[in-house]
Amino acid sequence: MRRYLLASISLLVVVTLLAACGPAGEKEADCSDADVFCVGLVTDVGKIDDKSFNQSTWEGVKQAEKELGAIVQYVETTDSKDYGKNIAQFGDAGFDVIVTVGFGLGEATLEAGPKYPDVKFIGVDQFQGDVVPNVVGLIFPEDQSGFLAGALAALMSESGQIGAVLGTDAVPPVWRFGEGYRAGAEYVRPDIEVSVVYHNDVGFDKTFTDPEWGKTTALSMIDKGVDVIFGAGGKTGNGALMGCAEKGVMAIGVDTDQYYTVPEAQAVLLTSAMKLLTPGTFDLIKMAKEGNFPAGGNYLGEAGLAPYHDLEDKVPADVDAKIQEIDAALKAGSLETGVSPVKPE
Amino acid sequence: MSTSAEKPAPGTTPKIKSAVNAVLVPLLAVFTAMVLGALIIMSAGGEPVAAYRGLIEGAFGSAQALSETTVWGTPYIFAGLAVALAFKGGLFNIGAEGQLALGAVAAAWVGYALPDALGVTLPPVIHVPLAVGAGMLAGAIWGAIPGWLKAHTGGHEVINTIMMNYIALNLTSFLLNGPMKDPAPLNVVARTPRIAEGARIPPIFAGLRFHWGFILALVVAGIVWWVLQKTTLGFEIRTAGANPDAARYAGVNVPRTIVMTMMLSGLLAGLAGATEVTALNYRHELGFSVGYGFDAIAIALLGKTHPLGVVLASLLWAAMRNGATRMQFLTQIPVDVISVIQALILLFVAADAIIRWIYRIRAEEERLVLTRGWGG
Amino acid sequence: MGNLDWRRLGFIALIILILIGVVIMVGGDKVAPSVIVISMVATTISVATPLTLGALCGVYCERAGVVNIGIEGMMLMSAFFGWFAAIYLNTILGVSAMPSLTLGVVAAVLTGGLLGLLHAVLSVTYKVDQIIGGTVINILAIGITGFLNRQLFFEKASIFGGQVPHAPGVLPRLHIPWLANLPIASIFEQQPIAVSAIVLVLVTHFVLFYTRWGLRTRSVGEHPRAADTVGISVARMRYANVIIGGLIAGLAGAYFTLESVPSFEPLMTNGRGFIALAAMIFGNWAPFGAWASALVFGAAQALQINLQFFRDQIPSQWAFLQQSYIVGMVPYLLTMVILTGIVGKTTPPAADGVPYEK
């Protein structure tokens, strides 16, 4: 036994020597240095690559890296209990801007604001009720985006049945997308049958990362005659898009132009109900760097429909015209979606 | 697997030698797994030494780190004791996670809802034990159910406790997203309101999360040891576990003992949930499934189902989990490598023949065999 | 066909009819009942696929006398490696979609087989407690898949450059030309693994009860000592069956990432390996019984999906049906009820779980 114990210890020593000969330590940029501009991003429970929400915001941060020379880093939250801890990691390291992605991080961000008064916080999808000087909520008119999507779906549907597959409606932006979709559909075609299904039967950690459920729900809808489906809710929504692709049914994406992020669905993707996260994030970061970051409150980003891409020819001219008309009316304020900002109790 | 009697080497007593042997295999299992882990880290382009240094720093490197390690360790100790106790009784309790969750929910409810329901404010000396007691009761019931099913219908507790875990998950999700949800305006997460001041056990040091639950866990470990070794109940549990037929002949009511064992096991797990609520978080929140059930099994096995072993194994597990986030932050090695190392540890402990072969150790004690098929 | 427990199968058929009936009662006004039935059946067959395959894995292992609770881990690991192989072939090596997917399935199946081998080594040669061995496989799977998932797809230095590459899609659906325009088509236009699952049920039934090899397997699970005396190698039969079980579990894993959705999520198997075990037990360790039970669980899942679709149609006195968490408990409660033996005694193979000592 002593022989083998000796052998293992020698092995460990060798390994240690090998490791010690490697590169010495990691180069660590010092973010507390005033000349170094560091931007950190904390995701909600979910991955950085969810092909919509977290990813688009990260794209905005990466744009800052490219165009503003910022040092950027992200932390993925795996447990909602870690929100505060994850924000603190950046705060303590002297980061200049911290982007917290998602409604779920709202409370933790507001708690962190006063703790790190020199840090600029960008709270994506976090509506600021009161003004905290270094926290800005980046919000979007998802209901308008959804309204347009619903109107388009209703106009394009041949069966008179359309559907939506979304994450949990406890998250206000998701609620607004879903109800905006319903309102828009009923606005252009009062006798349309709209089935809006939210994934409230699982926890917060799973509701946006359940493509299997998204696909199965979409397929089930298609069996019942639905011929346009709006998939909204991270990977869950993406699953719905893929189900549509399999059955050759029209689909509408969300958050970003999903024609590029879910290429499997290109053949059926009518459009996407977008909220322009990337430019919104980048603009705010740029403002922070240049010293004209808003002093708290909300910053309204842009929303709209993505181009029709492959289905350009399928959309009749009068339908497109109607959509443009509704879009203009919404932006001008002459048309209201009538969607409540959050789900009523 | 032969148990060869060995003449004690001159100068060592049999007791010391067997004590050393008892910890030797687990220690070597951990060591071997860490070496393999180092190889995995290297293959992923990382430096094992820097990674492990980060791990140790994250686990023990500061008062904060140590405190966090004990915070992780407390539920592990309770759950590990729960599983170890069940093992002693010849039962496989995979339901620690569900029992823990319901214990937490019960404690939380007593903590925030009971005073309003009764219309009184409860002083801490009543409120705290009530909350903790509720947690223990909930866990006990949740454990007793599969125990009863096993004793009287033969339904195997492995499947039943796993099913109870999922049922508990659904139940707590329903409660924490519905009737028990925190009505605070910005809250979207499934969690209860904070429990009343009177139900909270204050922290020991300001600023550190180290809490009384940890002390309680150590005390309970001692109690479990005492019950198992020094009481009639403990004797019945161990006998029924080792050989149910012999136990029956010895006059032990085996079905009743099975139910008792699972009930106590669930009680311990429920206690884990209750202490989390009353001494640490002051509420219960639906968290990502941490896999306590399987961790507890690994801990119980690593600790050889002995309460002291369980405590040590729990601290090791907690150190690994806690240190891993620091390791990731400093070296970008994903925290999941810890899970791989832990799985390897469990593998080596379970198939200790592998360790004994590598290091040329002779087997001295009985192999732990619990599976007797699905019964029925 | 002999060896079928008609009473048990009848009970199972009844439950499925009840589940479909509930949906019809709720949604029958909004959507035609026939459409509902077709939709439920199509969904049920599809989602029951991993459960059927998992249960078959269990049947092979346990009929030979080896308890396998590591099915969950086997499915998870195979799901990951099958997917990884498909992506690697498609993205790095430039192989086109269909061959990538097919080879991905092969990779998944082989992964399952390897884990089956591990389980066999632990259980038969080292005689480790079989439940602990299964637990090891589960924890190992969670750790390895989590680790590799992050290393390969989120680290910039990895071969994929820190991005999750676009997967080559999923396995195509069967297209039956003369059925295509009928509504009933959606029941039959399933994907390859779903079809394979059904075929494997038939094959397993035949092999287990009508071949010499099946007889040997069963003898090794019921009376290993007697089998040994007659010259059957207990160890070899057990190894063979556990590995075959592993291969089948590997196919189940392939379903998740190559047939259902082209992406991998940590823990995506979500307890289905354990439900498969329950299906096996309820099916009394028989292939058709296991398949029928898997269909029940599939139907329960289809019920949930459909109740969400018909949420607004649910009458107020049945409001609890709107609570997805409550409805979600049904499969698990069902399993526990089944295990009590109230629906008929379940008899495991006599030597199930007992390591064989020569």
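**Stop 1: two helices in chain B**

Select residues 292-302 of chain B, helix H12, and residues 307-331 of chain B, helix H13: the two pack at an angle of about 130°, with their axes 8 Å apart. Helices (H or I, at least four residues) and strands (E, at least two) are DSSP runs, numbered from the N terminus. The axes are lines fitted to C-alpha atoms, for helices over the stretch in contact, and angles run from 0 to 180 degrees between N-to-C directions.

Before moving on, a word about what's on screen: this is a predicted model, in which local features need pLDDT of at least 70 and side-chain atom pairs count only at pLDDT 80 or more, while totals for chains, interfaces and linings use all residues. Residues are numbered from 1 along each chain as its sequence is written, and chains are lettered from A and ligands numbered from 1 in the order in which they are written.

Back to the pair: H12(B) and H13(B) are therefore oblique to each other (under 35 degrees counts as roughly parallel, over 145 as roughly antiparallel, 65 to 115 as roughly perpendicular and the rest as oblique). Now show the side chains of Asp295(B), Ile299(B), Ala300(B) and Leu302(B) in H12(B); they meet Val310(B), Ala313(B), Ser314(B) and Trp317(B) in H13(B). Here, two residues are in contact if their C-beta atoms, placed from the backbone, lie within 7 Å.

**Stop 2: two loop residues in chain B**

Click on Tyr282(B), in the loop between helix H11 (254-281) and H12 of chain B. Tyr282(B) isn't a glycine, yet its phi is positive, about 60°. Most residues other than glycine have a negative phi. Tyr282(B) counts as buried because it has 20 C-beta neighbours inside 10 Å (20 or more other C-beta atoms within 10 Å of a residue's own make it buried, 12 or fewer exposed, and anything in between partly exposed, with C-beta atoms placed from the backbone).

Next, pick Pro334(B), in the loop between H13 and helix H14 (336-350) of chain B. Which residues is Pro334(B) in contact with, leaving aside its neighbours within four places in sequence? They are Gln328(B), Phe147(C), Arg150(C) and Gln151(C).

**Stop 3: where chains B and C touch**

Colour the two chains separately. The contact takes 48 residues from chain C and 42 residues from chain B. On the chain C side, helix H5 (130-154) gives the largest share, 16 residues.

While you're in chain C, select helix H3 (residues 71-92). Of its 22 residues, 19 are buried, so H3(C) is largely enclosed by the rest of the structure. Gly94(C) follows H3(C), with a positive phi near 75°.

**Stop 4: chain A**

Chain A has eleven helices and twelve strands, and 57% of its 345 residues are buried. Go to helix H11 (residues 317-332) of chain A. Ile323(A), Ile326(A) and Leu330(A) are buried there. Look down the axis of H11(A): its buried residues fall within an arc of 65°, so they line one face of the helix (the arc is that of the directions from the helix axis to the C-beta atoms). Those residues pack against helix H5 (142-156) and strand E12 (303-305) of chain A. Turn to the other side of H11(A) for exposed residues, including Ala317(A), Gln324(A) and Glu325(A).

Last, find Asp125(A) in the loop between strand E4 (120-124) and strand E5 (135-139) of chain A. Asp125(A) is buried, with 26 other C-beta atoms within 10 Å, and its phi is positive, near 70°.

Technical notes:
The expected span of a helix is 1.5 Å times one less than its number of residues.
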